[in-house]
Amino acid sequence: MRSIWNGAISFGLVSIPIKLVNATESRSVSFRQIHTEDGGRVRYKKVCELDGEEVSGAEIGKAYEEADGTMIPITDGDLAALPLPTAKTIEIVAFVPAGEIDPLQMEAAYYLSANGVPAAKPYTLLREALKRSDKVAVAKFALRGRERLGMLRVVDDVIAMHGLLWPDEIRAPEGVAPETPVTVREAELDLADALMATLGEVDIDTLHDDYRTAVEEMIAAKAEGGEAVAPPEPGEEGGGQVIDLMAALENSVRAAKGARGGVAEVTELKPRGTAAKKAQPKKAAAKKAAAKKAATAKTSAAKKSTAKTPAKKAPRKRTA
């Protein structure tokens with residue numbers, strides 16, 4: 001893999017020469033713009049606004065635009081003269097638990113490769129130290145004209161680095177959550193739990209881009225002179241409908257079980273917390289009432305059998 005940046009990791013007083021390599025790549029199908037009348041390629045030209053002349057890349061520089069539209073030219077020499085210690089260094093500033101890094105901050109991912117034989121020993125030392133500490137390293141580095149934040153972690157036997165957004169670049173989620181008060185019932189949570197359990201886990205390596213596959217097949221068919229794949233029949237619109245949440249959850253559980261080859265029925269769930277006392281099945285309640293009635297009748301009969309009967313009056317003696 002071709003490196004995009006050469007520098008060193010600063011680990012205290014230890015310097016580790018490394019190469020930066022892209023860890024990801026885009027597999028999406030790209031398109032070109034064409035003139036629909038004749039199929040000619042449409043290209044963009046870079047033109048100066050003042051004289052209307054097309055300019056080459058060698059004639060293009062940088063500038064900062066002020067609020068009033070004034071352009072302040074900035075040269076590569078101006079940027080190179082800035083006191084930036086991370087210009088060619090990934091400077092580790094702290095080691096923290098991975099859970100402290102907000103996934104919202106994560107950007108592009110890179111692999112860090114040891115640059116040369118002398119770098120192998122300190123590179124391995126840092127890698128093993130990260131493994132044993134079960135932490136990640138927070139670092140600062142400069143790439144493409146700006147200083148960035150990064151997170152170093154171990155992937156297999158390689159140190160990987162994720163570019164991070166600065167904390168002040170993360171927007172607060174204001175006005176995003178539902179504003180209307182909503183009450184979620186215990187039964188709905190139970191069905192949601194059942195749906196999550198039924199869907200279970202997945203081997204993420206088995207997932208693939210179905211849309212990209214369909215686009216590639218369509219392109220291949222058209223390249224061979226065939227027709228494009230007919231679009232599917234439009235289904236019912238799902239937006240804006242009022243749905244029965246319980247019915248939707250139950251149907252989702254059935255569908256998920258059926259897709260996984262299980263029994264397509266909803267498992268009877270035990271109610272949560274205090275709701276358990278109120279949600280006793282009718283049969284159990286009836287059985288309990290019958291047992292109580294029978295016990296009461298038995299007790300009453302026992303009391304009657306043991307009660308004393310009135311004593312018979314002795315016959316009166318006849319007088320002479």
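Colleague: Hi! Before we zoom in, how many helices and strands are there in the protein chain?
Modeller: Hi! The protein chain has seven helices and nine strands. Keep in mind that this is a predicted model.

Colleague: What about contacts between residues at least 6 apart in sequence?
Modeller: Of those contacts in the protein chain, 61% join residues at least 24 apart.

Colleague: OK, on to the strands. In what order do the seven strands of the barrel go?
Modeller: They close into the barrel in the order 1-2-6-9-8-7-5, and the pairing is mixed. On average, neighbouring strands of this sheet are turned by 40° against each other, direction ignored.

Colleague: Let's walk around from strand 1. Do I look for parallel or antiparallel pairing with strand 2?
Modeller: Antiparallel: strand 1 (residues 3–11) and strand 2 (residues 14–22) are joined by eight bridges. One of the bridge pairs is S10 with S15 in strand 2, and I9 has I16 as its partner in strand 2.

Colleague: What happens at G12, in the hairpin of those two?
Modeller: The hairpin has two residues between the strands, and G12 takes a positive phi near 65° there.

Colleague: And how many bridges does strand 1 make with strand 5?
Modeller: Three, and there the pairing is parallel, with strand 5 covering residues 89–96.

Colleague: Which way do side chains go along a strand in general?
Modeller: In a regular strand they alternate between the two faces of the sheet.

Colleague: Which residues of helix 3 are buried?
Modeller: E188, D190, L191, A194, L195 and T198. They cover an arc of only 160° around the axis, which puts them on the same side of helix 3. M196 and A197, on the other side of helix 3, are exposed.

Colleague: Why would residues three or four places apart end up together?
Modeller: An α-helix has 3.6 residues a turn, so residues with that spacing point the same way.

Colleague: And what covers the buried residues of helix 3?
Modeller: The cover includes helix 5 (245–259). In return, helix 3 is part of what covers the buried residues of helix 5.

Colleague: Which residues of helix 5 are buried, then?
Modeller: M246, L249, V253, A256 and K257. Seen down the axis of helix 5, they fall within an arc of 100°, so they line one face of the helix.

Colleague: What about the backbone just after helix 3?
Modeller: G200 sits there with a positive phi of about 65°.

Colleague: Which residue has a positive phi although it is not a glycine?
Modeller: D134 is one, with a phi of about 55°. D134 lies in the loop between helix 2 (120–133) and strand 7, and it is exposed, with a relative accessible area of 67%. D156 is another non-glycine case, at about 60°. D156 is in the loop between strand 8 (146–155) and strand 9 (158–164), and is exposed at 68% relative accessible area.

Colleague: Last one: is Q105 buried or exposed?
Modeller: Q105 counts as buried because its relative accessibility is 13%, under the 20% cut-off. Q105 lies in the loop between strand 5 and strand 6 (106–114). Leaving aside neighbours within four places in sequence, Q105 is in contact with L149, G163, L164, L165, W166, P167 and I170.

Conventions: Residues are numbered from 1 along each chain as its sequence is written. This is a predicted model: local features need pLDDT of at least 70, side-chain atom pairs count only at pLDDT 80 or more; totals for chains, interfaces and linings use all residues. Side-chain values use heavy atoms; hydrogens and water are left out. Buried means under 20% relative accessible area, exposed over 50%, partly exposed in between (1.4 Å probe, protein chains only). Helices (H or I, at least four residues) and strands (E, at least two) are DSSP runs, numbered from the N terminus. The arc is that of the directions from the helix axis to the C-beta atoms. Contact means heavy atoms within 4.5 Å. Two strands pair if DSSP finds at least two bridges between them. Axes are lines fitted to C-alpha atoms, for helices over the stretch in contact, and angles run from 0 to 180 degrees between N-to-C directions.
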